Amino acid sequence: MSIRVLLLDDHAVVRAGYRRLIDAEPDMRLVAEAENADQACAALRTQAVDVAVVDLSLRQGSGLDAIARLRERSRDLRVLVFSMHHSAGHVMQALRNGALGYLSKNADPLAMISAIRSAWRGQPVFSPEVAQVLAGEQLHHQDPAHCLTPREFDILRLISAGQAPNDVGQHLHLSPKTIFNHLSNIRRKLAVNSDMELLLLAARHGLIAWPAQ
């Protein structure tokens, strides 16, 4: 029996690379590709999928939302994140939304093939960088990974990266009023009083990187 795989990544070149790797494996079959959550969910209506490989950074919508929506449509689906982001916050929010495994895109591409097999068997799998981050993670009342919902985490990440609230609303399909309400809740939960404090906290937890000096 072939492992049926769905790829969700908004870069065609990246999907092409995944496709070549998967097509070379006799026990795997790429049954669907998508560049946003709507396309991925639509694919589940017409295709049986065992493992979905999902990137968190999508031009349309949220990768975290995509994980939750895919899992809602198919409780048996195994979701494997393959992302350039591997801070504790990103990893823990992905797991909270239903991901079974998480690989950094810095990992050997062939590691994804092994990870797909592990996920198909129901085994959690993490690349070394991600496993190290999780092993070193300590609970703290200000850690966004523990304090915020996945929606709030997405908003914090985008605002901290320099996007205006209106742009964040368009990206996540939310009204500006909803974004500002979420921001108020985020500041309250994280006990910060200014945008600069929020920016510093986001940098401290690896959600953004300071420019190189």
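Contact means heavy atoms within 4.5 Å. By this criterion, among contacts in the protein between residues at least 6 apart in sequence, 67% join residues at least 24 apart. The model is predicted, so local features need pLDDT of at least 70 and side-chain atom pairs count only at pLDDT 80 or more, while totals for chains, interfaces and linings use all residues. Residues are numbered from 1 along each chain as its sequence is written, and side-chain values use heavy atoms, with hydrogens and water left out.

The protein contains eleven helices and six strands (DSSP runs numbered from the N terminus; helices are H or I, at least four residues, and strands E, at least two). Of its 213 residues, 47% count as buried (under 20% relative accessible area, 1.4 Å probe, protein chains only).

Ile 113 lies in helix H5 (residues 109–120). Its relative accessibility is 3%, so Ile 113 counts as buried. Leaving aside residues up to four places away in sequence, Ile 113 touches Leu 21, Ile 22, Glu 25 and Met 28. Met 28 is 85 residues from Ile 113 in sequence, yet the C-alpha to C-alpha distance is 9.0 Å.

Helices H9 (residues 165–172) and H10 (residues 176–190) have axes that come within 8 Å and cross at roughly 110 degrees (lines fitted to C-alpha atoms over the stretch in contact, with angles from 0 to 180 degrees between N-to-C directions). H9 is therefore roughly perpendicular to H10 (65 to 115 degrees). H9 contributes Pro 165, Asn 166, Val 168 and Gly 169 to the contact, and H10 contributes Pro 176, Ile 179, Phe 180 and Leu 183.

Methods
Buried means under 20% relative accessible area, exposed over 50%, partly exposed in between (1.4 Å probe, protein chains only). Angles under 35 degrees count as roughly parallel, over 145 as roughly antiparallel, 65 to 115 as roughly perpendicular and the rest as oblique.
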